[in-house]
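This report goes through selected backbone, packing and pocket features of one protein model. Please keep the sequence and the coordinates at hand while reading.

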Amino acid sequence: MPAPQLSLRALNRTLLARQLLLERSRMAPLDAVEHLVGLQAQNPPSPYLALRARLEAFDPLDLSRHLERRVTVRMVLMRGTIHFVSARDAARLREVMQPVLHRELYGNRTWARGLEGVDVAPILELGERLVEERPRSLAELRREIAARWPDLDAGTLAYSIRNLLPTIQVTPRGLWGRTGPVALTTLDHWTGRPMGEPFPLHDVVLRYLRAFGPAAVADVAAWSGLRGLREVLERLRPSLRTFRDPRGRELFDVPDGPILSGDEPADVRLLPDYDNALLSHEDRARIVPPLT
């Protein structure tokens, strides 16, 4: 039996509902952060604007306190971009996303040239010691590296510390109504939470589908930056539903995810720049009108 086809409008309303944008939710801020598998956070105010659009009676200071108490962190994760995530998710998601960060470093011509023939192990050892001694900026790391290895590309090697160690951006950066420079330390040093066993990749995919589905393989890849996801979804296929979008692409979905008709009213919501609702599908037509 062919998979049912979903209209763009049905996909739009379904996405809005799962993103807590069709109706504001009564979820606690931390629960919402975990449901959404993190919030895009290159710009420090963005997570606050994202939850203001999604939650009832949202007080930005509640979210800020989570960051101050180190229950949440700002960390490089999906797509190699800064995300605001719970510390418990960070401790298991970081290793899952390591291939993305490794590829950004070694697959980018800008950085790859400075890494050719370099044993990064002693640089990472130094970097870990320095950022755990006190939070450091990339500029500080560059100076320390240049002093010890003057013949190497210190800028690239400082960036490798950011990508190859589980670093987070410390407060006051990211706090509501406050600011601060980007300074790094390690996740376990900051939170006291050791790196856990990474989430099985199929669990990460299922969490994505609950918050963003139904979705094609290319959509999961667009959200995460990971490769090789076709195999994961094929293994999950017996436990998933499938649909087709208007382009005929196969969409996968969790069995209990709500599917809306497309007739539901939707209020205007103000979203921050880079909100994941806008960025997490290869085909953004379900949320952004296609360019003509």
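In which helix does R129 lie? R129 belongs to helix α8. The model discussed here is predicted.

**Helix packing**

Two packed helices are described by the angle between their axes and the distance between the axes. Two such pairs are listed below.

| Helix pair | Angle between axes | Distance between axes |
|---|---|---|
| α8 and α10 | about 75° | 10 Å |
| α12 and α13 | roughly 100° | within 11 Å |

Helix α8 covers residues 121–133 and helix α10 covers residues 154–164. With an angle of about 75°, α8 and α10 are therefore roughly perpendicular to each other, since angles of 65 to 115 degrees are classed that way. On the α8 side the contact involves I123, L124 and G127, and on the α10 side L157, S160, I161 and L164. Five residues of this contact are nonpolar and two are polar, with no charged residue.

For the second pair, the axes of α12 and α13 cross at roughly 100°. That makes α12 roughly perpendicular to α13. V204, V205, Y208 and F212 of α12 make the contact with D219, V220 and W223 of α13. The contact of α12 with α13 divides into six nonpolar residues, no polar residue and one charged residue.

**Backbone geometry**

Most residues other than glycine have a negative phi, and most peptide bonds are trans. The residues and bonds below depart from this pattern.

Where is the peptide bond cis with omega near -5°? This bond runs from G213 to P214. P214 sits in the loop between α12 (201–212) and α13 (217–224), the two helices whose axes come within 11 Å. Another cis peptide bond joins T171 and P172, with omega about 15°. P172 is located in the loop between β4 (167–169) and β5 (184–186).

V37, although not a glycine, has a positive phi of about 55°. The loop that holds V37 runs between α2 (29–35) and β1 (39–40). Is V37 buried or exposed? V37 is buried, because its relative accessible area of 1% is under the 20% limit.

R70 is also a residue other than glycine with a positive phi, near 70°. R70 is found in the loop between α4 (60–68) and β2 (72–76). The relative accessible area of R70 is 35%, so R70 is partly exposed.

**The largest pocket**

Rolling a probe the size of a water molecule over the atoms shows where empty space is left. The largest pocket has a volume of about 240 Å³. Its lining consists of 15 residues, and those closest to the centre of the pocket are N12, L16, D267, L271 and I287. Which helix gives the most to this lining? Helix α1 (residues 8–18) does, with four residues. By residue class, the lining of the largest pocket has 10 nonpolar residues, one polar residue and four charged residues.

How values were computed:
Residues numbered from 1 in each chain as written. Predicted model: local features only at pLDDT ≥ 70, side-chain atom pairs only at ≥ 80, totals over all residues. Heavy atoms only, no water. Buried < 20%, exposed > 50% of the residue type's maximum accessible area, 1.4 Å probe, protein only. 1 Å grid on protein atoms, 1.4 Å probe; cavity = no way out; pocket = protein on both sides within 12 Å on 5 of 7 lines; lining within 4 Å. Points joined across faces, edges and corners; volume = space filled by probe spheres on them. Nonpolar A, V, L, I, M, F, W, Y, C, P; charged D, E, K, R; others polar. Axes fitted to C-alpha atoms, helices over the stretch in contact; angles between N-to-C directions. Parallel < 35°, antiparallel > 145°, perpendicular 65-115°, else oblique. Contact = heavy atoms within 4.5 Å.
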